[in-house]
Amino acid sequence: MMVTPHAKDIVEGNPYLDEVIVYDKDGKHKSWLRSLKFAGRLKKKKFDLAIILHPVNRAHLLTFLAGIPERLGYNLKLGFLLTRGKEHTKQKGLKHEAEYNLDLLGELGITGNARDLFMPIRDESEQWVEDLFVKEGIKNADKLLAINPGASCPSKLWPAGSFAEVAEELARRYNFKILILAGPKDMLLADQIARKIKGKTINLAGKTSVSQLASILRRCVLFISNDSGPVHIACALGTPVISIFGRNQAGLSPRRWGPLGKRDKYLHKEVGCIQCLAHNCKKEFACLKAIKTEDVLIAAE
């Protein structure tokens, strides 16, 4: 499997893979010369088939230049380089992204269950979390609530004050210990929420690798998050999730990107927008503000 560096932890150690190949398009493979050399290394592996799940120019071009004889993917962005291109309709959001991925396997006569997710757990990450919990005074019997207030776009950020209110109330009701998880770019937001919550919180924003994040999430009773990657990691680990959605676009809807676990919930409200302007919203992200703390508390119950 070929992945970008930040996705490496999600697949490395997966027993169903023989090898993980890292392509760093924003780093060491950014120049076209280095990408050509990368394609040359792929060519030496003599692959028979490439299945391209995410239709981007470079993935189509690399597999073409690597001389892989059969290239299956979605007919978008240099899709003419594929030998078998399937019509791209993901923007319509008619099914889940996992189902769209499995549709490609259907072209090969292979079927699978879109809800059957897997994330490997590393021993070194498990030890890191054990050491962290000893340091923070977290015991095995403690109930953990994790919140993720960050996301890739402002149009996906539920208000910080709402996250703080929900976490504080759930901690009061169920004696949860609260963990704040977020990436490096959301550290200030996480600090803001930590200051708003009365009582102790453990703020791990910007302090975990993806693998360490997984080892934390699998120990949690509940995970509350904006629409983001950690939601799907939690699903793969069987941790119940409440995922909060804003934007009213079919291709970004919960139907396509919602959590897949049996006990998972998502929250999404219509606020009458004719067209979603995403991060250029003129209504101060009314769709996100329409989701109240009580809505999340009911979902948690």
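This is a predicted model: local features need pLDDT of at least 70, side-chain atom pairs count only at pLDDT 80 or more; totals for chains, interfaces and linings use all residues.
User: Salt bridges then. How many does the structure hold?
Analyst: The structure holds 22 salt bridges. The criterion is a side-chain nitrogen of Lys or Arg within 4 Å of a carboxyl oxygen of Asp or Glu. Side chains of opposite charge can pair when their charged atoms come close.

User: What is the N to O distance for Arg219 and Glu126?
Analyst: Their side chains meet in a salt bridge at 3.0 Å, N to O. Arg219 sits in the loop between α8 (210–217) and β9 (222–226), and Glu126 in helix α5 (residues 123–136), so the pair ties together parts that are 93 residues apart in sequence. Helices (H or I, at least four residues) and strands (E, at least two) are DSSP runs, numbered from the N terminus.

User: Is Glu126 buried or exposed?
Analyst: Glu126 counts as buried, at 14% relative accessibility. Buried means under 20% relative accessible area, exposed over 50%, and partly exposed in between (1.4 Å probe, protein chains only).

User: Which residue does Asp142 pair with?
Analyst: Asp142 meets Lys177 in a salt bridge (3.2 Å, N to O). This pair links distant parts of the chain, 35 residues apart: Asp142 is in the loop between α5 and β6 (143–148), and Lys177 is in strand β7. Asp142 counts as partly exposed at 24%. Lys177 is partly exposed too, with a relative accessible area of 30%.

User: And what about Asp186?
Analyst: Asp186 forms a salt bridge with Lys185, and the closest N and O atoms are 3.6 Å apart. Asp186 is buried, with a relative accessible area of 10%, whereas Lys185 counts as exposed at 60%.

User: Switching to the surface. Which residues form the positive patch?
Analyst: Lys28, Arg34, Lys37, Arg41 and Lys44 form it. Patches take residues with over 30% relative accessible area and no salt bridge; like charges are joined within 9 Å, nonpolar side chains (Val, Leu, Ile, Met, Phe, Trp, Tyr) within 5 Å. Lys and Arg count as positive and Asp and Glu as negative, while His and the chain ends are not counted. A charge is placed at NZ of Lys, CZ of Arg, CG of Asp or CD of Glu.

User: Where is Lys44?
Analyst: Lys44 is in helix α2 (residues 32–44). Lys44 is exposed, with a relative accessible area of 70%.

User: Which residues make the nonpolar patch?
Analyst: Leu33, Leu36, Phe64 and Leu65 make a nonpolar surface patch of about 370 Å². The elements giving two or more residues to that patch are α2 and α3 (57–65). Phe64 is in helix α3 and counts as partly exposed at 39% relative accessibility. Areas come from the Shrake-Rupley method with a 1.4 Å probe; for residues, only the protein chains shown count as cover.

User: Cysteines next. How many disulfides does the structure hold?
Analyst: The structure holds 0 disulfides. The test is a pair of cysteine sulfur atoms within 2.5 Å.

User: Backbone now. What is the phi of Lys46?
Analyst: Lys46 is not a glycine, yet has a positive phi of about 55°. Most residues other than glycine have a negative phi. Lys46 lies in the loop between α2 and β3 (49–52) and counts as exposed at 71%.

User: And Asn175? What phi there?
Analyst: Asn175 has a positive phi of about 60°, although it is not a glycine. Asn175 is in the loop between α6 (160–174) and β7 (176–180). Asn175 counts as exposed at 64% relative accessibility.

User: Last one. How many Å separate Ile110 and Glu130?
Analyst: They are 40 Å apart in space, C-alpha to C-alpha, and 20 residues apart in sequence. Ile110 lies in the loop between α4 (97–106) and α5, and counts as partly exposed at 40%.

Technical notes: Residues are numbered from 1 along each chain as its sequence is written. Side-chain values use heavy atoms; hydrogens and water are left out.
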